[in-house]
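Okay, thanks for coming, everyone.

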Amino acid sequence: MTTGRTKLAGILGWPVAHSRSPALHGFWLRSYGIDGAYVPLPVRPDDLADALSALPKLGFVGANVTIPHKERALALVDALDKTAEVVGAVNTLVVRDDRTILGSNSDVDGFRDHLAASVPGGLAPGPAIVLGAGGAARAVVAALAMLGVREIVLVNRTSERAAKLAHDLAPLGQHFRLVDWTRRATALEGASLLVNTTSLGMAGHGELVLALDGLPTSAVVADIVYVPLETRLLADARRRGHRVVDGLGMLLHQARAGFKAWFGVEPTVSEALRAHVSGDLAGG
Ligand code: ATR
């Protein structure tokens, strides 16, 4: 039940109905007995500036932003943390006491924490192949920098976008090699990690077509898509004996920073949470 003291947070997206964040934060709010609510906020791209400036006025403690707002929100917040600035995208907003908005990017820690938890022994030596060059790819590359992965092979349909990513993230100190999208199968040799950050494989989008024959079986295969939970890429990789890392774990881990900032409790990513959010996924 909401009361006059209920702390309000939510997620701004367009469309937003697909988002599992309300289920995820709702689970934590109930588990920790917090008087809070986390609601879906369908905000059209043209209305993003108005919606963001309304958050403090409506008494929100903060919000997440998702597709397609992550890059535009960067210019609309009052302050940025260092990660968001480097990545060039924002996914977590905190309304501060003076009613200004701080933007940060928890996708970076989300990917890093999930990968580290899924591959406790660490990655084999060798470059990481990153498919895609959008906001999600930027977060993944920044996370890989934190994990000490120095060689990145970047494969994107639009080569200019890959070049811009490599340029913008150069301060992180990684070495980038750009490979044409049509030659992606040839990029896999010797890799320690393959990550799909494109929308391919997501329900309602096209399939990711990629023969994995050239990939060493020691390589870890990760997908940030989590609808479906097991994408074709992950199913193919599992059949070939690769260790696979799904997209749901990144979603769960990235949510921790916002929850802590808004509601004051450091939440845990547990099996019960995973089961709750995957049950919600199965229900569509
Ligand atoms: P996000 O912020 O989630 O990364 P995005 O910025 O829209 O979302 O990026 C989507 C990524 O998926 C991009 O790398 C995009 O490639 P382009 O830069 O060439 O647009 C990639 N992508 C989407 N549809 C694709 C398709 N049909 N084939 C290949 N790549 C695709």
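Let's start with a glycine: helix α8 is followed by Gly241, whose phi is positive, near 90 degrees. Before I go on, a word on where this comes from: this is a predicted model, where local features need pLDDT of at least 70 and side-chain atom pairs count only at pLDDT 80 or more, while totals for chains, interfaces and linings use all residues. Residues are numbered from 1 along each chain as its sequence is written, and side-chain values use heavy atoms, with hydrogens and water left out. When I say helix or strand, I mean DSSP runs numbered from the N terminus: H or I with at least four residues for helices, E with at least two for strands.

Back to α8, residues 232-239: its buried residues are Leu233, Leu234, Ala235 and Ala237. Buried here is under 20% relative accessible area, exposed is over 50%, and partly exposed is in between, using a 1.4 Å probe and protein chains only. What covers those residues? The cover includes β10 (193-196), β11 (220-223) and β12 (243-245), with contact meaning heavy atoms within 4.5 Å.

Now the sheet. We have 6 strands in an open, mixed sheet, ordered β2-β1-β3-β5-β6-β4; two strands pair if DSSP finds at least two bridges between them. β2 (36-42) and β4 (79-80) are at the edges with a single partner strand each, so one side of each has no neighbour in the sheet. Further in, β1 (residues 7-13) and β3 (residues 60-65) pair in the parallel sense over 5 bridges, and Ile11 stands opposite Asn64 in β3.

Lying across β1, β2 and β3 is helix α1, residues 21-31, which runs at about 175 degrees to β2. Angles go from 0 to 180 degrees between N-to-C directions, and axes are lines fitted to C-alpha atoms, for helices over the stretch in contact. Leaving out residues up to four places away in sequence, Ser21 touches Ile11, Tyr38 and Leu251.

Last stop, a helix pair. α5 (residues 107-118) and α9 (residues 247-263) pack at about 125 degrees, with axes 7 Å apart. On the α5 side, Asp107, Gly110, Phe111, Asp113 and His114 meet Gly249, Met250, His253, Gln254 and Arg256 in α9.
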